[in-house]
Amino acid sequence: MGKNNAQTIFSIFALLLLLSSCVSAQLRTGFYQRSCPNVENIVRNAVRQKFQQTFVTAPATLRLFFHDCFVRGCDASIMIASPSERDHPDDMSLAGDGFDTVIKAKQAVERDPNCRNKVSCADILALATREVVVLTGGPSYPVELGRRDGRLSSQASVQNQLPQPGFNLNQLNSMFSRHGLSQTDMIALSGAHTIGFAHCGKFSKRIYNFSPRTRIDPSINSRYALQLRQMCPIRVDPRIAINMDPVSPRTFDNAYFKNLQQGMGLFTSDQVLFTDQRSRSTVNTFANSEGAFRQAFISAITKLGRVGVLTGNAGEIRRDCSRVN
């Protein structure tokens with residue numbers, strides 16, 4: 001065999017190896033079909049059990065997934081105990097029930113002898129997120145799996161990585177586009193606020209001290225602003241939280257978008273989706289069609305679940321979600 005032919009065959013072989021490693025590194029549904037075939041049912045049952053104990057399970061788990069993916073990617077780094085991402089002010093308001101949901105689901109998975117040390121905390125969080133969406137009346141969707149758990153988690157890594165309640169549309173789009181998420185994805189994911197809750201301090205400026213000229217943000221419905229003032233008086237206990245969707249706070253539906261049409265978005269970053277002409281038509285589409293919102297949400301949360309993932313031999317499969325192995 002000539003030298004050139006041998007080199008060509010070697011190059012093709014190397015390319016095939018590279019391609020196969022790239023394919024195996026991709027997330028896919030049914031990733032645990034052989035190693036832990038019952039993983040989805042195990043997680044589903046554990047999440048349902050936790051949800052029956054407290055509704056907070058749903059918004060807390062959904063928010064936990066978002067916060068995890070936007071910092072270092074979807075690698076369960078948010079789960080690592082202090083000192084970690086959890087010490088950052090943007091993460092300190094994450095409800096304990098979200099963490100507990102993942103820990104309980106992981107323990108249930110580990111009890112199955114077939115599944116021991118095989119399923120990552122990152123994948124369990126992704127599955128648990130789907131379950132809480134379904135439990136609150138939202139759409140079911142296939143969850144891509146195959147994530148590995150990260151080994152790093154620091155307070156500093158959270159800085160400037162999460163959207164803030166006062167963001168305008170440009171700031172929101174800029175932050176989401178960094179992760180390959182479009183404006184439509186961002187609006188659909190914001191719709192998760194339909195089951196969310198927020199502490200009074202996150203929006204008090206809008207209802208008490210908006211500007212020297214006007215105390216109340218003019219983009220907020222005046223009757224809604226007065227209701228918020230009743231629920232969040234000036235010297236309110238900082239632990240008090242209120243529903244982000246005053247209409248159907250326990251149902252994953254498109255009421256969030258209908259609320260925006262009425263000036264009833266809790267955060268500036270919610271209401272701006274309607275007040276800014278560039279995003280208003282999408283809000284109107286989702287408000288008019290539950291189906292359009294559900295379809296867009298499935299697409300967006302699937303894309304979110306791919307952000308910065310560790311696959312193949314990167315990272316690890318954590319035995320205890322709260323600490324690296």
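Colleague: Which glycine follows α6, and is its phi positive or negative?
Modeller: Glycine 137 follows α6, and its phi is positive, near 100 degrees. Keep in mind that this is a predicted model.

Colleague: What end-to-end span should helix α6 have, and what does the model give?
Modeller: Helix α6 covers residues 121-135, and at 1.5 Å a residue its 15 residues should span 21 Å. The end C-alpha atoms are 21 Å apart, which agrees.

Colleague: How many of the residues in α6 are buried?
Modeller: 13 of its 15, so α6 is mostly covered.

Colleague: Which side chain meets aspartate 123 in a salt bridge?
Modeller: That of arginine 147, at 2.7 Å from N to O. The pair links distant parts of the chain, with aspartate 123 in helix α6 and arginine 147 in the loop between α6 and α7, 24 residues apart. Both arginine 147 and aspartate 123 are buried.

Colleague: What about glutamate 131, which arginine does its side chain meet?
Modeller: Arginine 130, in a salt bridge of 2.8 Å, N to O. Glutamate 131 counts as buried because its relative accessibility is 4%, under the 20% cut-off. Arginine 130 is buried too, with a relative accessible area of 4%.

Colleague: How many salt bridges does a search of the whole structure find?
Modeller: It finds 15.

Colleague: Changing topic: where is asparagine 254, and is it buried or exposed?
Modeller: Asparagine 254 sits in the loop between β2 (241-243) and α11 (255-261). It is buried, with a relative accessible area of 5%.

Colleague: Which residues does asparagine 254 touch, leaving out those up to four places away in sequence?
Modeller: Asparagine 254 touches Phe286, Ala287, Ser289, Glu290 and Phe293.

Methods
Residues numbered from 1 in each chain as written. Predicted model: local features only at pLDDT ≥ 70, side-chain atom pairs only at ≥ 80, totals over all residues. Heavy atoms only, no water. Helix = DSSP H or I, 4+ residues; strand = E, 2+ residues; numbered from the N terminus. Buried < 20%, exposed > 50% of the residue type's maximum accessible area, 1.4 Å probe, protein only. Contact = heavy atoms within 4.5 Å. Expected span 1.5 Å × (residues − 1). Salt bridge = Lys/Arg side-chain N within 4 Å of Asp/Glu carboxyl O.
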